[in-house]
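The points begin with confidence and overall composition and then turn to side-chain contacts and the surface.

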Amino acid sequence: MAKKNQSRADQVRTAVEQAFEATTQGASPMRERAQELAEELVGAASRFREVIDELRPPTGDELSALRGRLDTLERRVAELEAERAAAAKKPAAPKKPAAAKKPRASGTAKGAKGASASPGASTAKRGPAAPRKPRGTSGS
């Protein structure tokens, strides 16, 4: 009987509150899903922006910066090539004479034969070379 004691305004107020309460309870999962979709949309938009940035042509400032770096590298390469060319043109440091011969005390021909620096350097004592067999033929 409490309903009959309420005024018409109280009854409408109660009905509106119940409607809002029912709507909020039913809308809660929808609100959460809408929030998830909004976050996914923000992520997709961010990835899209990154792809577009990669595909766009470079700006004038970026091209100027690249030209400056290229000029610097060209200068460095030219300097290094000049240094290398200068180093190649410099005469090598004087070396000690490798075959500085001192006059011999004996002066005989026999003494000269034994003075060879390496065995086989002198072929005066050897005879003619033995004839070689042609390749590809068998010796049997």
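1. Confidence. pLDDT is the predictor's confidence in each residue, on a scale from 0 to 100. Helices (H or I, at least four residues) and strands (E, at least two) are DSSP runs, numbered from the N terminus. Among the elements of the chain, the highest mean pLDDT, 94, belongs to helix α3 (residues 60-89), and the lowest, 51, to helix α4 (residues 109-113). For the chain, the mean pLDDT is 76, with 61% of the residues at 70 or more.

2. Basis of the values. The model is predicted: local features need pLDDT of at least 70 and side-chain atom pairs count only at pLDDT 80 or more, whereas totals for chains, interfaces and linings use all residues. Residues are numbered from 1 along each chain as its sequence is written, and side-chain values use heavy atoms, with hydrogens and water left out.

3. Composition. The chain contains four helices and zero strands, giving the pattern α-α-α-α along the sequence.

4. Accessible areas come from the Shrake-Rupley method with a 1.4 Å probe, and for residues only the protein chains shown count as cover. The chain has an accessible surface of about 14000 Å², and carbon and sulfur atoms account for 58% of this. Buried means under 20% relative accessible area, exposed over 50%, and partly exposed in between (1.4 Å probe, protein chains only). Of the 140 residues, 0% count as buried.

5. A salt bridge is a side-chain nitrogen of Lys or Arg within 4 Å of a carboxyl oxygen of Asp or Glu. The structure has four of them. One of these joins Arg33 and Glu36, at 3.4 Å from N to O. The two residues lie about one helical turn apart, because they are three residues apart in helix α2. Arg33 is partly exposed at 41% relative accessible area, and Glu36 is likewise partly exposed at 40%.

6. A salt-bridge network. Which residues are linked in a network of salt bridges? They are Asp53, Arg56 and Glu62. Arg56 pairs with Asp53, with the closest N and O atoms 4.0 Å apart, and Arg56 also meets Glu62 at 3.5 Å, N to O. Each partner counts as partly exposed: Asp53 has a relative accessible area of 43%, Arg56 has 38% and Glu62 has 35%.

7. A nonpolar patch. Patches are made of residues with over 30% relative accessible area and no salt bridge; like charges are joined within 9 Å and nonpolar side chains (Val, Leu, Ile, Met, Phe, Trp, Tyr) within 5 Å. On the surface, Phe48, Val51, Ile52 and Leu55 form a nonpolar patch with about 420 Å² of accessible area together. Ile52 is located in helix α2 (residues 8-55) and is partly exposed, at 39% relative accessible area.
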